[in-house]
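Please open the model in your viewer and keep the sequence beside it; the stops below go from one selection to the next.

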Amino acid sequence: MREHQRAIHQRVAGLLDRPRDEADLLAWAVLSALSSPSYHAVELPRARYERLMAEIGQVLSHTSRLRPAPAGEVRKSAGLARASRRETLLAAATTLFHERGYQAVGMEDIGAAAGIAGPSVYNHFGSKAEILITALNRANDGLQLALGQALTSSSGPREALEAVLRSYVDNTLAHSELNAMLVTEVMHLPGEQLRAMRRAQHDYILEWVGLLSAQRPELAQDEARVLVQSAMTLVNDLSLSTRARSRAHLAGELTGLSLDVPGLTEAAAGRVR
């Protein structure tokens, strides 16, 4: 599957008249945005759906958002580990769930990764499900808090949407594995927690949709949601890319790309219309 994905990526990158590093990044951005319908159930007439996705690909492939890398090597600190054993376990579990999938990880694996003896893990979490619930609630709470801050600090829908996009990029880059679990592992939550998380995710996306609809009233709500989901998927995927994360200006580039997707920039809006 990875070989197949790489072949498609190389084919798309080869069609872009860009320097190699820019073509690589934009090809992944285009493919990520085009894959976004697999993460939601929005229904549109086939012809309109194809046109909308083609417009997204065109906007991204012509973007002027990318910035050249600075001279010299960009070094980033690995940071410091948490002192709390509970937090160490949560961080280890997040990495393992992301890398292997929730079902393939046992409590013993989590304890070993955190350097904590098997039985001692249960002093902090009663079960693997409790760890998953804690991790996903934290990820959701972080997004909701950033959303609230972006809304309260903005004076209008456009400013608010830009602030929300920026906050989403910053949060996702800082907690890429944790936020990725909101997409890949949420289905493993117990019944009521799953329903509550789905409601929270739906409401979060509708906040974006409302802001976008206020800026582009010609869009139907379903069309606005397709654009929002495309922007979010682009950020989610590229935040997990080792090559993309080596770029010195990635946060600004992702914010710009996610603004281009819904046609909020003048150049992008001109191409979309």
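Begin by selecting Arg48 and Glu223, whose side chains meet in a salt bridge at 2.6 Å, N to O (a side-chain nitrogen of Lys or Arg within 4 Å of a carboxyl oxygen of Asp or Glu). Because Arg48 lies in helix H3 (residues 46–61) and Glu223 in helix H10, the pair ties together parts that are 175 residues apart in sequence; helices here are DSSP runs of H or I with at least four residues, numbered from the N terminus. Glu223, at 11% relative accessibility, counts as buried (under 20% relative accessible area, with exposed over 50% and partly exposed in between, for a 1.4 Å probe and protein chains only).

This is a predicted model, in which local features need pLDDT of at least 70 and side-chain atom pairs count only at pLDDT 80 or more, while totals for chains, interfaces and linings use all residues. Residues are numbered from 1 along each chain as its sequence is written, and side-chain values use heavy atoms, with hydrogens and water left out.

Next, select Arg65 and Asp260, a salt bridge whose closest N and O atoms are 3.5 Å apart. Arg65 sits in the loop between H3 and helix H4 (85–100) and Asp260 in helix H12 (residues 250–260), so that this pair links distant parts of the chain, 195 residues apart. Arg65 is partly exposed at 29%, whereas Asp260 is buried at 4%.

Then move to Glu218 and Arg216, which form a salt bridge with the closest N and O atoms 2.8 Å apart; Glu218 is partly exposed at 47% relative accessibility, and Arg216 is buried at 5%.

Finish with Arg20, Asp24 and Arg243, which are linked in a network of salt bridges.

Methods: Helix = DSSP H or I, 4+ residues; strand = E, 2+ residues; numbered from the N terminus.
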